[in-house]
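Please read it alongside the sequence and coordinates below.

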Amino acid sequence: MRFDAVTLFPEMFGLVRDQGVTGRAHGQGIWAMKVWNPRDFTHDAHRTVDDRPYGGGPGMVMLAAPLEAAVDAAQADRVAQGMAQAPVVLLSPTGQRYGQREAENLAATRQGAIFICGRYEGVDQRFIDRRVTQEWSLGDFVLSGGEIAALAMIDAAVRLLPGVLNDDASAVQDSFNPALDGLLDSPHYTRPEIYGGESVPEPLLSGHHARIARWRREQSLRLTAQRRPDLIEQARAAGRLSKEDERFLAALQAQQ
Ligand code: 4GY
């Protein structure tokens, strides 16, 4: 899988490319990353990438031409490598919300995407109209640029690629994974058995796989009911809660 990023800060992409499980997978050739700096696609002495907004107002707006030239170079490079053109994704709070489902879809396409990382107040709408095929948002907050959003989205997709996580089961156990029926993950413990006077919960020490699984399920249900009741509703509506789950949730309710 290949990702491209159009960014004024190409060094930021070293974080996901070179570190941790995504870094190892990159080293193994499971995925590739190319960065394109719009400043390299300017033609004036000052290498200008922004200008003042028509209509007035604070801040600067990214020029359409350097962004468009960078995207076209990324697409041409893909084609030269025998690949198809890729979706062009703008990271913006006005985009469609990106979640685990979108990360799974992105990982499944094997095609990757070209991420446009805006800075300043925004990018010229005519660039968006001419080149951007999708707008994605990480959430209802404003970053100082799209880079951190792109990095988060790439990281979430790459770790789902076959062979990236050493333990095949660990992606399966994540919060939001279908195997957890869309519930939040249960707490984790490792050595020592007693830390700060607190012991590891007894079921985890029992060695009884069914008891451990039940305990984890109940912790997931408890945490999800407490923090994300909307996810309990979703799981129920999709028929992902068993009779045993419902009995446990009813007992929880009675305790409150
Ligand atoms: N939220 N989700 C986000 C963002 C920064 C001005 C356009 C977000 O994805 N991106 O806040 N991006 C803005 C900054 C130009 C991008």
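Pro192 lies in the loop between helix H7 (168-172) and strand S9 (194-195); helices (H or I, at least four residues) and strands (E, at least two) are DSSP runs, numbered from the N terminus. A cis peptide bond, with omega of about 5 degrees, joins Arg191 and Pro192. The model is predicted: local features need pLDDT of at least 70, side-chain atom pairs count only at pLDDT 80 or more, and totals for chains, interfaces and linings use all residues. Residues are numbered from 1 along each chain as its sequence is written, and side-chain values use heavy atoms, with hydrogens and water left out.

**Backbone geometry**

- Most residues other than glycine have a negative phi, and most peptide bonds are trans.
- With a relative accessible area of 38%, Arg47 is partly exposed; buried means under 20% relative accessible area, exposed over 50%, and partly exposed in between (1.4 Å probe, protein chains only).
- Tyr120, in the loop between S6 and S7, also has a positive phi, near 60 degrees, and counts as partly exposed at 39% relative accessibility.

**Sheets**

- An open sheet of 5 strands has the order S2-S1-S6-S5-S8, with parallel pairing; two strands pair if DSSP finds at least two bridges between them.
- Strands S2 (32-36) and S8 (134-137) stand at the edges of this sheet, each with a single partner strand, so one side of each is left without a neighbour in the sheet.
- Within this sheet, strand S1 (residues 2-6) and strand S6 (residues 113-116) run parallel and are joined by 4 bridges, with Val6 opposite Ile116 in S6.
- A further open sheet has 3 strands in the order S3-S4-S7, and its pairing is mixed.
- S3 pairs with strand S4 (residues 61-62) in the antiparallel sense over 2 bridges, and Asp50 stands opposite Met62 in S4.

**Nonpolar cores**

- The largest nonpolar core has 28 residues, and Phe3, Trp31, Leu91, Phe115 and Ile154 have the most contacts inside it; such a core is a set of buried Ala, Val, Leu, Ile, Met, Phe, Trp, Tyr and Cys residues joined through side-chain atoms within 4.5 Å.
- Two or more residues of this core come from each of S1, strand S5 (88-97), helix H4 (100-109), S6 and helix H6 (147-158).
- H6 gives the largest share of this core, 8 residues.
- Another core, of 20 residues, lies apart from it and includes Val6, Leu8, Ala74 and Ala86.

**Helix H4**

- Ala103, Leu106 and Ala107 are the buried residues of H4.
- These residues cover an arc of only 100 degrees around the axis (taken from the directions from the helix axis to the C-beta atoms), which puts them on the same side of H4.
- The buried residues of H4 pack against S1, S6, S8 and H6, where contact means heavy atoms within 4.5 Å.
- Exposed residues Arg101 and Ala108 are carried on the face of H4 turned away from its buried side.
- Arg110, which follows H4, has a positive phi near 60 degrees.

**Ser206**

- Ser206 lies in the loop between helix H8 (202-205) and helix H9 (209-227) and counts as buried at 19% relative accessibility.
- A polar atom of the Ser206 side chain lies 2.7 Å from the backbone oxygen of Pro203.
- Leaving aside neighbours within four places in sequence, Ser206 is in contact with Arg211 and Ile212.

How values were computed. A polar contact is a pair of N or O atoms within 3.5 Å; within protein, one must be able to donate a hydrogen and the other to accept it, and residues adjacent in sequence count only if both atoms are side-chain atoms.
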